[in-house]
Amino acid sequence: MSKPPFLALPEGVRAYRMATARGEFAVHDTGSPGSTGRTVLLLPGFTGSKEDFIGLLEPLARAGFRVVAVDGRGQFETGGPREEAAYTQLELARDVLALATVLGLDRPGTVHLLGHSLGGLVARAAVLLDAAPFASLTLMSSGPAAVSPSQQERVRTLLGAMETMSMAAIWEVMQELDQSVGSAGEAPYSQREVEEASAAMEEFLRRRWLANVPEQLSATGRQLLAEPDRVGELTALELPFHVVSGAEDDAWPVPLLDGMAERLRARRTVVADTGHSPNAERPARTARALADFWLSLSPG
């Protein structure tokens, strides 16, 4: 489960529900684009949310981009139906295209799309359905096909638990297995501030987990287990690609991501000292790499 670096929205960022032809989606939005005139749409991963990108918002806005991070259908504050048919990859891809239509204002090729982990699988499904709205595709910690065998085992364990346990009970078990929730932020804090920040982060993670629609987790979890290799389909598109990851990744091993980047003839970025979520673990470094790529596609 990814953990945001902090929870306070940067100055000027709005949290609201964006209306589209396919319903409303909870977003964080930095506002109008700067000199580049470009917009970035960020899709979170399995069990994640828009907050996973909170550390990218300010630096990317300063680089001249409008940045919109979204809770997908059935994730955290967006919500969704209690039926798995609503969360097929095709349905989720159509949601992305509806968001891109709103953000692009009917101007083709103006939205840079980024998907983290599961969000990368959904993002590529969207561009394969219709690449016209997009200026580029960035796959962050998201590989060519199903997740690694070790991650498949973890996903199957979760899916099995969801058949017999409540979301609240599963959360308690996860906390017993993972005591990694720590302090928020990177600056020095007093002990009291550290404890308060840690408690706030733990409460946020619990609230986010409980807000996820179970049918969404079941449907997307199975996508992680059975996703086919669609890289060959992507290579047929005239679209710039960027493959970003941490130096280590247990969902899709880094050599596998290297090979995918070669097949796509994509820019390849490895963010040092990070794992599966460079966007949350080292947001400043990650934002620089993303902005460099997008600005290289928008000279002047």
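The mean pLDDT of the chain (pLDDT being the predictor's confidence in each residue, from 0 to 100) is 92, and 91% of the residues reach 70 or more. Select residues 180–191 before moving on: the pLDDT there is below 50, and the stretch has 19 contacts in the model beyond near neighbours in sequence, a contact meaning heavy atoms within 4.5 Å. Where pLDDT is low, the predicted coordinates should not be read in detail.

This is a predicted model, in which local features need pLDDT of at least 70 and side-chain atom pairs count only at pLDDT 80 or more, while totals for chains, interfaces and linings use all residues. Residues are numbered from 1 along each chain as its sequence is written, and side-chain values use heavy atoms, with hydrogens and water left out.

**First stop: helices α4 and α7**

Select residues 149–164, helix α4, together with residues 214–226, helix α7. Helices (H or I, at least four residues) and strands (E, at least two) are DSSP runs, numbered from the N terminus. Two packed helices are described by the angle between their axes and the distance between the axes. The axes of α4 and α7 come within 10 Å and cross at roughly 150°; axes are lines fitted to C-alpha atoms, for helices over the stretch in contact, and angles run from 0 to 180 degrees between N-to-C directions. The pair is therefore roughly antiparallel (angles under 35 degrees count as roughly parallel, over 145 as roughly antiparallel, 65 to 115 as roughly perpendicular and the rest as oblique). The crossing of α4 past α7 is left-handed, that is, the near helix is turned anticlockwise from the far one by less than a right angle, clockwise being right-handed.

To display the contact, show Q152, V155, R156, L159 and M162 in α4 against P214, L217, S218, G221, R222, L224 and L225 in α7. By class, this contact has 7 nonpolar, 3 polar and 2 charged residues (Ala, Val, Leu, Ile, Met, Phe, Trp, Tyr, Cys and Pro count as nonpolar, Asp, Glu, Lys and Arg as charged, and the others, Gly among them, as polar).

Remain in α7 and select Q223. Q223 counts as buried because its relative accessibility is 12% (buried means under 20% relative accessible area, exposed over 50%, partly exposed in between, with a 1.4 Å probe and protein chains only). Leaving aside neighbours within four places in sequence, Q223 is in contact with Y87, T88, Q89, L92 and L118.

Next, select A85, in the loop between β4 (65–70) and α2 (89–104). A85 is exposed, at 56% relative accessible area. A distance drawn from A85 to Q216, C-alpha to C-alpha, gives 9.0 Å, although 131 residues separate the two in sequence.

Select residues 54–62 (α1) and 283–296 (α11), whose axes are 9 Å apart and at an angle of about 45°. These two helices are therefore oblique to each other, and α1 passes α11 in a right-handed crossing. On the α1 side, G55, L56, P59 and L60 meet P283, T286, A287, L290, A291 and W294 of α11. The residues of this contact divide into 8 nonpolar, 2 polar and no charged.

**Last stop: two positive phi values**

Select S141, in the loop between β6 (134–140) and α4. Although S141 is not a glycine, its phi is positive, about 50°. S141 is buried, with a relative accessible area of 0%.

Finally, go to R265, in the loop between α9 (254–264) and β8 (267–271). Phi of R265 is near 55°, again positive in a residue other than glycine. R265 is exposed, with a relative accessible area of 80%.
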